[in-house]
Structures are given as C-alpha cells and as structure tokens.
Amino acid sequence: MRRRRLAQDRAARAGHVTHEPTTDGASAPASFVSFELLPPELRTDDRFDAVFDGEPEAVRDHDAAVPATPAARRDRRRTPHPQGHGSTPRPTAPAARSAATGREHGQGSGDTDAPRRAWYAHPVPWVAVAVAAAFAGSVAFTASMEDARPVDVTALAGGLRPLEEPPAPRWTVPVAPGSEIVPAAGAVVTVDGGLTAYSVEDGSVLWRSERLGDRATCLPAQGEPAREVVVCAVPSGWREQVARLVTVRSATGEVVGDRTVETAGRLSVVPVGATDVVRAWWRGGEVAVVREDAATGEVRWDRSLQHDGLGRGGDVVLDVRRGEVDVLAPAVAAALTEDGRSLDEDDVWTIVRLQDGRYVGNEYGRGTATVFTAAGEPTFRIKGRVLESPLSDGSAPGVIVTNTFGSIVGVDAATGSELWSLPGTGLRAVARVDGRVVVQTDSSYRSVDARTGEEAWAVNLDESGPWPVLTDGRSLFVTERGREGQGLVSLALDDGAVEWRWTLPEDTYHVVAVEGRLFLLGVDRLTAVS
C-alpha cells in the first residue's frame with residue numbers, strides 16, 4: 001500500500017490524476033474524490049433489515065476521502081526524491097523551513113529564491129476542475145439513465161409498434177370458428193385442434209402441426225409474451241389427471257418434445273422462461289409443483305405443498321403472469337419465485353415481481369402489502385394495495401404505488417417511507433410507461449407521475465371494453481363500448497388527449513398484441529392491423 005500511495009502522490013505532483021480506489025479504509029489525499037454510480041436500491045440490503053426491525057439506518061462510507069493532516073504533509077515534504085544527472089539539488093528540510101519562515105514574515109530570500117508559480121500554472125486547480133467536471137458528467141449520466149426507458153415496450157405483453165391514425169386492416173386470413181391465438185416468435189399461431197402459424201408481416205402460412213385434438217390447451221396464452229416454443233397439453237383420463245405434452249419450436253413448427261405427464265386440470269401447466277414449463281399434480285396427499293424443460297422433462301426444481309385432506313384431487317390452477325408462480329387448489333395456496341423459493345404458503349396473495357428482482361404483494365383481505373427480497377424473505381410492510389402492472393417499461397423503479405382506499409400513494413421502494421399522496425382512488429394499474437402510472441377505476445383513467453405524485457391527466461370513457469390496455473410507448477390504447485359498438489380509443493400518454501377512435505369489426509372477440517403488432521380475432525377471420 002505504501003508503494004501505491006507514493007505512486008499516487010507523485011502522479012498528483014506531476015499534474016496527473018489516478019483513479020485507483022482506496023479499498024483498505026485508509027486515508028486518501030484530499031485531491032482524490034470517490035463517488036458511486038449505483039442507485040440506492042442496488043447498494044445494500046441493510047436498510048431493508050433496519051426498517052423491518054425498526055432500527056435506525058446505519059450509515060457507512062468506507063471510501064470517504066480524509067484530508068491529510070499538517071504532520072502528514074510535512075512527512076511527505078521530507079520524503080527523499082532521486083536526483084538525476086544535472087538536476088538542481090533540492091534544499092534540505094531545515095533550509096526549506098527557514099525560507100518558508102522568512103516568507104511568512106515578509107522577508108525575501110535574495111537571488112537564491114525561485115520565482116513563485118502563478119496559480120493558473122499550477123496543476124492542482126486544473127486537476128480539481130477535471131475531477132469536478134467528471135463528477136458532474138456522471139451525475140448527469142445517472143439522471144438520464146433514471147429517466148431512460150429500461151425495457152422496450154414492444155417486448156412486453158401488450159406492447160405495440162406505433163399505429164396509423166386511425167388504424168386500418170393490413171391483411172386478413174380465414175380461421176375456423178372458435179379459434180384461439182398463441183403468440184410465437186415471428187408468427188401468430190391459431191389453435192383449432194391443431195396449430196397454424198401465420199407470418200406477422202403478410203399473413204402467409206409458415207407451418208402447420210398435426211391434429212392434436214379439440215381439448216388441446218396451447219401456451220403461451222393470449223396477451224402473454226412470445227416464447228421460443230409453443231407447448232400444448234392434450235388431457236386424457238379421469239378428471240384430466242394425465243396429459244400428452246407436445247412441444248413445438250415456434251419459428252419452424254418442429255416438434256421437439258412429445259411425452260405423457262401427470263397433471264391436475266387444464267390450468268396446471270404454464271410456460272415460464274424461454275423453453276420451460278411449471279407443472280402441478282397430486283402426489284399422494286400433497287400437491288407437487290415442478291419447473292422442467294418442456295421438451296425433455298429435465299427438472300429445474302421440485303416442491304411439495306402440504307394438503308389438509310379436504311378436496312384432494314381437485315384442479316390445481318397455476319399463474320405466472322406477474323413474474324412469480326401462484327398455486328391455488330382446494331385447501332392449498334402458495335406463491336413461489338420462478339426459481340422455486342417460497343414467498344408464502346397457506347394464504348392467498350397477489351404478488352408481482354419488481355424491476356430490481358424483489359417482490360411486493362398483498363395478502364387477500366388485508367390492506368397492507370409486504371415487500372420481499374429477491375430470495376423471498378419479507379423485509380417491510382407498506383400501507384395499501386399495490387398498483388403494479390405487468391405492462392411496465394421498468395421506469396421509476398424506486399417508487400412503489402399503492403391504493404390506500406382514499407388516496408394513491410407513492411412509497412420509497414428501498415425503505416417503505418411515504419413519498420407523496422394524491423387524493424382519489426385507483427382500482428388497478430393498467431400501465432407504467434416513462435415514469436407514469438396509469439390507473440383505472442371503472443371507465444376512468446388517471447395518469448400519475450410515479451416520482452412526484454403529480455396527476456398528469458384524467459379521462460372518462462362511456463364504458464370500458466373487455467380487453468387489456470395496450471401501448472406503443474407514446475399512446476395508450478383502450479377499448480370502450482360506445483353507441484356504435486366496441487371501439488379502440490387512443491389516448492396520448494403526455495396529456496390524455498383523445499387522438500382517435502376506431503370502431504372494431506362487429507364480430508371481434510379478441511384484441512391482442514403479438515410481436516409488437518395488433519391483431520383482431522373474429523368469429524371466422526384473423527386480421528392484422530396497421
């Protein structure tokens with residue numbers, strides 16, 4: 001460490017700056033400035049524990065710069081320096097001190113005194129200016145990253161590319177009555193006993209599967225993000241306790257897996273990740289839940305949930321749409337992380353994964369929410385029901401928005417302290433885009449700045465439609481039931497202005513986004529919208 005300090009000291013005297021951090025807690029020269037670019041929520045978990053336990057937050061700063069003492073400065077002046085050939089010898093320490101003493105008393109040093117260097121010719125002020133400029137630039141960069149959109153909205157369920165004003169049909173293909181839609185990579189797939197993949201660009205048929213049967217349930221479901229594979233569960237046996245699991249590569253239609261598995265109803269298999277599924281079934285007196293490779297069955301994790309003996313053998317419902325695994329069956333309820341760790345068992349919760357990997361959720365029937373670490377450990381509670389939407393670009397991650405049944409409240413995601421409160425209510429959050437949270441109550445929509453709590457706009461519609469809200473990052477697309485039938489309404493995210501209204505075809509029963517494109521599914525046709 002002494003060798004490194006000497007190198008840093010020499011560099012400072014030569015007009016250079018070294019950025020090597022001091023990690024051993026020792027004092028650093030005053031000309032060295034350290035700062036940290038990580039946001040507060042990513043630095044430490046100590047604050048979470050402190051708030052949960054009711055203890056004061058500990059303040060630590062291991063890298064703070066400590067000014068050198070006068071004695072230390074004198075010690076550095078005594079440090080010998082090598083003299084090269086022809087160099088002017090330095091005065092000895094006593095001579096230097098006597099010269100300095102003479103200057104303090106206004107006495108000149110005669111012809112032997114070297115001329116004093118002007119302040120602007122000295123390197124130290126310019127080093128300080130350079131460090132200050134770098135610090136200001138880093139702060140500006142960090143601020144711009146806070147305002148940046150971390151996630152491309154077209155990659156989200158409900159994310160769209162910009163639409164024309166108003167939109168118009170781009171292409172239409174006939175489909176069998178009662179068909180469903182499965183989102184896929186580069187394709188939109190219809191399910192009508194088999195799979196047919198259409199190009200999102202022009203509607204041409206990319207591939208078809210063999211017939212799977214009228215009872216096939218294929219995933220991912222409508223409104224979910226596309227994945228690398230399409231998984232179809234074809235139930236058989238009494239009470240659908242066994243199913244044929246067929247896995248198809250979504251880009252080509254190639255069958256990469258075909259196996260028979262135990263299940264517990266039509267909703268006991270759900271996709272997670274790019275190529276996995278979570279599956280549940282009854283194993284003796286317990287509910288078994290596994291995450292496995294959809295094609296091969298390779299197990300990632302295996303959990304058993306206790307059952308009290310009532311309603312054994314009933315359907316198990318799985319849900320992974322909010323970034324965690326909800327398990328619900330007769331006398332069984334649990335919330336698990338996607339890697340199998342328990343968030344809660346025996347109670348019904350509504351939990352959503354936050355942008356930083358933590359979780360927040362409400363227990364059914366309670367007016368408080370709990371924030372969990374990424375490992376599933378509870379940290380602190382906050383008042384109200386959480387207003388978080390799966391349609392989120394990840395902006396303003398440091399604020400959790402809740403409904404306290406009288407106000408909409410912004411809470412510091414790191415400490416749980418209240419940041420702001422806005423009178424009014426919001427039953428659900430439908431989108432979070434560019435730091436604004438859009439909440440819906442019946443047929444009204446309110447946009448609230450998540451950082452400040454300022455209401456940007458409020459809009460009332462005649463009657464909201466049945467389909468989820470969509471966005472292209474600039475506008476919010478909502479459905480309404482009007483005098484002329486069901487329609488799509490575009491609201492500007494900046495000010496809530498109605499940009500256009502477009503009446504949907506009369507027989508439309510699904511409005512979905514696939515690969516950033518808008519699709520309408522009617523009784524006998526699939527239509528892509530520009």
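This passage walks through a predicted model of a single chain, from its overall make-up to a handful of individual residues.

Let's start with the whole chain. It is built from 5 helices and 36 strands. Of its 530 residues, 44% count as buried. The chain exposes about 27400 Å² of surface, and carbon and sulfur atoms supply 52% of that area. Contacts give another view of the fold: among those joining residues at least 6 apart in sequence, 41% link residues at least 24 apart.

Now for the surface, and a spot where charge gathers. Glu 165, Asp 494, Asp 495 and Glu 499 come together there as a patch of negative charge. Glu 165 sits in the loop that runs between α5 (residues 123-147) and β1 (residues 169-174). Its relative accessibility is 62%, so Glu 165 counts as exposed, the cut-off being over 50%. Pro 166 is placed in the loop between α5 and β1.

Pro 220 belongs to the loop between β6 (217-219) and β7 (229-236). As background for these bonds and for the angles that come next, most peptide bonds are trans, and most residues other than glycine have a negative phi.

Ala 331 is not a glycine, yet its phi is positive, near 65 degrees. The loop that holds Ala 331 lies between β15 (325-329) and β16 (332-336). With a relative accessibility of 45%, Ala 331 counts as partly exposed, because that label covers values between 20% and 50%. Asp 434 has a positive phi too, at about 50 degrees, and is likewise not a glycine. Asp 434 is in the loop between β26 (428-433) and β27 (436-441). The relative accessible area of Asp 434 is 39%, which makes this residue partly exposed.

Loops can hold buried residues as well, and Gly 323 is one example. Gly 323 is found between β14 (317-319) and β15. At 8% relative accessibility, Gly 323 counts as buried, since the cut-off is under 20%. What does Gly 323 touch, once neighbours within four places in sequence are set aside? Its contacts are Glu 338, Arg 353 and Tyr 359. Tyr 359 is 36 residues away from Gly 323 along the chain, and the C-alpha atoms of the two are separated by 8.8 Å.

Leu 504 is another buried loop residue, this time between β33 (498-503) and β34 (510-514). Leu 504 has a relative accessible area of 6%, and that is why it goes down as buried. Setting aside neighbours within four places in sequence, Leu 504 is in contact with Trp 467, Gln 486, Gly 487, Leu 488, Val 511 and Leu 520. One of these, Gln 486, is 18 residues from Leu 504 along the chain, with 5.8 Å between their C-alpha atoms.

Terms used. Residues are numbered from 1 along each chain as its sequence is written. This is a predicted model: local features need pLDDT of at least 70, side-chain atom pairs count only at pLDDT 80 or more; totals for chains, interfaces and linings use all residues. Side-chain values use heavy atoms; hydrogens and water are left out. Patches are made of residues with over 30% relative accessible area and no salt bridge: like charges are joined within 9 Å, nonpolar side chains (Val, Leu, Ile, Met, Phe, Trp, Tyr) within 5 Å. Accessible areas come from the Shrake-Rupley method with a 1.4 Å probe; for residues, only the protein chains shown count as cover. A salt bridge is a side-chain nitrogen of Lys or Arg within 4 Å of a carboxyl oxygen of Asp or Glu. Lys and Arg count as positive and Asp and Glu as negative; His and the chain ends are not counted. The place of a charge is taken as NZ of Lys, CZ of Arg, CG of Asp or CD of Glu. Helices (H or I, at least four residues) and strands (E, at least two) are DSSP runs, numbered from the N terminus. Buried means under 20% relative accessible area, exposed over 50%, partly exposed in between (1.4 Å probe, protein chains only). Contact means heavy atoms within 4.5 Å.
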